[in-house]
Structures are given as C-alpha cells and as structure tokens.
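Please read the following briefing alongside the sequence and the model.

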Amino acid sequence: MGRRKSSAASGVAALLILCVSSLALFTVYVKEGDCAREGQCGPLHTVQLGAAEVLQPVRSVFAIVLEPVWRTGERVMGAFDDSKEQQLERKLQEAEALASQASRLERENAQLRELLEGQRTSYEYGPLAQVVAPVGDQFTQRIIINVGTEDGVEPNRPVVIGENTLVGRTTEVSRHTAQVMLITDQMFAAGVRIIPPAQFDPASSEISPAVTSENVSYGQGLLETDLEGYFGVGLVPQSARAEEGDYVVTSGRAGDKELLFPPGLYVGKVQSVTSQDIDQFKKIVVEPAMNPQELEEVRVITDWAGRAG
Amino acid sequence: MEQASVIRAALVVAVAALLEAVIGPYLTFGYFSPRLTLIAVVFAAAPLRDLQAVLLGFFGGVLLDALGGDLFGVGALGGLLAAGLAARASAVQSRGTERVLLAQVAGISVAAFDILGYTARWLSGLGVPQLGEYAVWGVLPDALINAVIAFLIGGWLLNIVNVKTPHSWEK
C-alpha cells in the first residue's frame, strides 16, 4: 500500500480500452441469439450456459446447506412487508390451500398409477427434475433444474408441478441443466382464460366444454407481473366475466403466434377484480398456485397434442 | 516489507466470483445481494500498480458475467470501475486506515454497479423499477451492507494479497 504507482497514463489508457470492450460485450450479448431457439445461441450466451453446466454439481452441494437460509430469509422479508391483517389473511389462505391440497392429493393418488403407466394422453412429460438453485439477480425470478437436452428438454417448454400446475417455462437449456423462468418473473407472459370453479378441475385440468363454446364470454387475457409485486391478468375487457375465486388457466393462445403453452395448465385463483368506467380493461389480481420458495421437484412438458411445429 | 502478489490477487478475485455465482442467489433478499467479486476486486487491486489493477478488475468482472446469468458486460464495467477507484484510493491513503477507506470504496463501487445494472436493463428493454424508489430502497442499502461486509473481511483479504518479503539486510 502507498507504493509509487507505475505509469498512470498506461493505466488510464487500459481503463478506457477495457471500458469500450465491456460496452462491446454488452452490445453483442443483447444483440446475439438468446438460446430460445435451437441453433441460435450466441457465443456469450453459450459461455454462460457452459458455466451453468460446470457449476451444477457445486450448486447442488451448496443448495443442501443454503436452501433453509434462503427460505427463512424470504419468509422474513415477506413478514416485514405485510401488515398484521394481511398476515392473518395469508394464514387463512394457506389453511384453505392445505385443505384443497389434501383433496387434490386424494384425487392425484388415484391417477398416479395411470401416470406411471402411460402418463396423460395429452401431455408428454420429461423426467422428474430437481430444482438445483435459484439464479439471477434482484430483478429476476429464475431457477435451474437438473434436466437438459439429453432428457429431451428444449427451450420454451412449460414446466409444471404435479400434473398441470404451471411453474414457468424453460429458457436456456444445456445438456444436463435448464434455466426456468418462473411465472412470477416480470418477463413471463402467457395467454390465460378465467374460468368459474364449476367449470374446471385443477387436479385433472379437465375444462368443461361449455367454457369454449362461442356464446360464453369468460375472461381471456395476458398473464403479467411487475417488479412491485403485482401478479394478475391484463387485457381482460370490461364486458368479460371474471370473479373472485375463479380459476386462471392457460388458454393455449399467445395472440397469433404458435402455441407456447397447452391449454388448461393451472396458474392460480383470482384474488380480486376491480373495474373502473374510465378503464378499458379490468384489473385482476391472481394468487399463484405455486410458491417459488417451495419448489423442489418439477417436470417439463416436452410435447402435447396440437402443438404447432 | 510487504509486496502485493498479482497471482494471489487474481486467485482471490476468481474464488470470490465463483462463490458469488454459487451462493449469491441464496443470499439475495429484495434488492440486496452480496457483491463478493467487487469487494475482492477493491481489496485485491488496491496494492497493485494501476495497469495491473485495471486488468484484474476486468478479469473479475468478465468472470462474474460468465458465471452469473445476468447481462454480459455489466460485471466487466463494474469490475473496471471498482479497480479504478481502488487504485486511486490507495494512492492517497495514509497507513492504518486502508480497511476503512477501501470499505467505503467497495460501497461506492456496489452503488455504481447497481446503477450500471439498472441502466443496462433499461437500455436492453427489460423492466426496471422507478429510479427514485430503487435508489432509496435498492442502491443505498445494498451499498451500505456491502460496505460493512467489505470492512469485516477486508483485512483478511489484504493479508492474503500481500506477501511478506524479507528486507535486503535480512537475506
């Protein structure tokens, strides 16, 4: 410390050159292919994918030690954010969720044998995957799972827990790992439909045919979230039907694009619906069916009936 | 007599980047995240010559970009900034206050890195929170907590980077 520095000019010159190099790296990274389509993975994304692949065993080891810390921390953060009333409300919701989970488990139990033998006829699942670690920074909600291209997993495939509860979609996939963008990530979007409880069974993802008939105007919109914690359905017209307690499931449509998700994947329940005359669309808040802090095992839906391409 | 080892400094930065990539996501709560690489760059680059410090900062930043899943280039810029600030700070300090001064540099580097990350997300079309809100509830606490972490582990890092060499009369 305090030693005489050699040639300050060479240091400044190097600083400038490397700053420009950093900006070039950033530009290339943003412009290059993001691995969402096969064969379009740019060199910098490939480097990150390779690093994720190499780090997977280390992350698995650290996950055992650090996961309890992470979950506790997340809960503490949540407790600081809420008022007492909201905490009680959440406890009630948790109790309700447990009750519905118990009945769902009962029904799932009966279907497990069918799943093991031939799995569902409409979805093809990849192997059961373990959540290796959360990834990303302050602005993202992503996880890494331990299945990859060798298990038939590709980018942009839905990831579920149980049979049909949507968790997110795969983004970057390497040979043995895949990154999953959770439905609570602000970049996640999916076409969804709002269905009354009588018309949908979340355990089996069976939708009543009445929902799809032309004369019924059940709400359809785009699942969206933001950094302030809003998670809901946007672009639902004022005239469409949407009530508290309704189920939110994927519609299987994303505008005029190919089907990104199969229809009928369970996303959550409508928590509140507000509409004002001056607004064009309803404001619908959704309570997600999955909890990011409790994800342990997931499955990737690799194919489904009616998928384009 | 103490002399800084470039190899040791690079190793410290590499281990910090690896640790940050592995345990960082588990220790990210809200807008706070431990910036171990930046802290390591500040303390490892401080005793080095200007050119060495800048190269070390770039190396640490690129490593952070490669091992993490964030926008490439942001870490490299952040590392350069941290190394540059550390090199300047070490030129003016008085003996005995290195740790305090470098902890402050680490805090400033983290704040600058947060702002860089915010700008990069905004430039690449990704969503960002309100700047004022992020500055108060994101950048400030992140910088403060990381400065405290830097102060706590700084002495240890300096000891690793500096190698004791015998005086000529000791040989």
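In this predicted model, helix α2 of chain B, which covers residues 36-45, packs against helix α4 of chain B, which covers residues 74-92, at an angle of about 35 degrees. The axes of these two helices lie 8 Å apart, and the crossing of α2(B) and α4(B) is right-handed.

**The helix pair in chain B**

- On the α2(B) side, the residues that meet α4(B) are Thr37(B), Leu38(B), Val41(B), Val42(B) and Ala45(B).
- Their partners in α4(B) are Gly78(B), Gly79(B), Ala82(B), Ala83(B), Ala86(B) and Ala87(B).
- Sorted by class, this contact between α2(B) and α4(B) holds eight nonpolar and three polar residues, with no charged residues.

**Where chain A touches chain B**

- Between the two chains, 42 residues of chain A are in contact with 43 residues of chain B.
- On the chain A side, at least two residues each come from α1 (8-31), α2 (43-81) and β2 (129-135).
- The side of chain A that touches chain B is made up, by class, of 27 nonpolar, 11 polar and four charged residues.

**Chain A as a whole**

- Chain A contains four helices together with 15 strands.
- Of the 309 residues in chain A, 35% are buried.

Key. Residues numbered from 1 in each chain as written. Chains lettered and ligands numbered in written order. Predicted model: local features only at pLDDT ≥ 70, side-chain atom pairs only at ≥ 80, totals over all residues. Axes fitted to C-alpha atoms, helices over the stretch in contact; angles between N-to-C directions. Left-handed = near helix turned anticlockwise from the far one by under 90°. Contact = placed C-beta atoms within 7 Å. Nonpolar A, V, L, I, M, F, W, Y, C, P; charged D, E, K, R; others polar. Buried ≥ 20, exposed ≤ 12 C-beta atoms within 10 Å, placed from the backbone.
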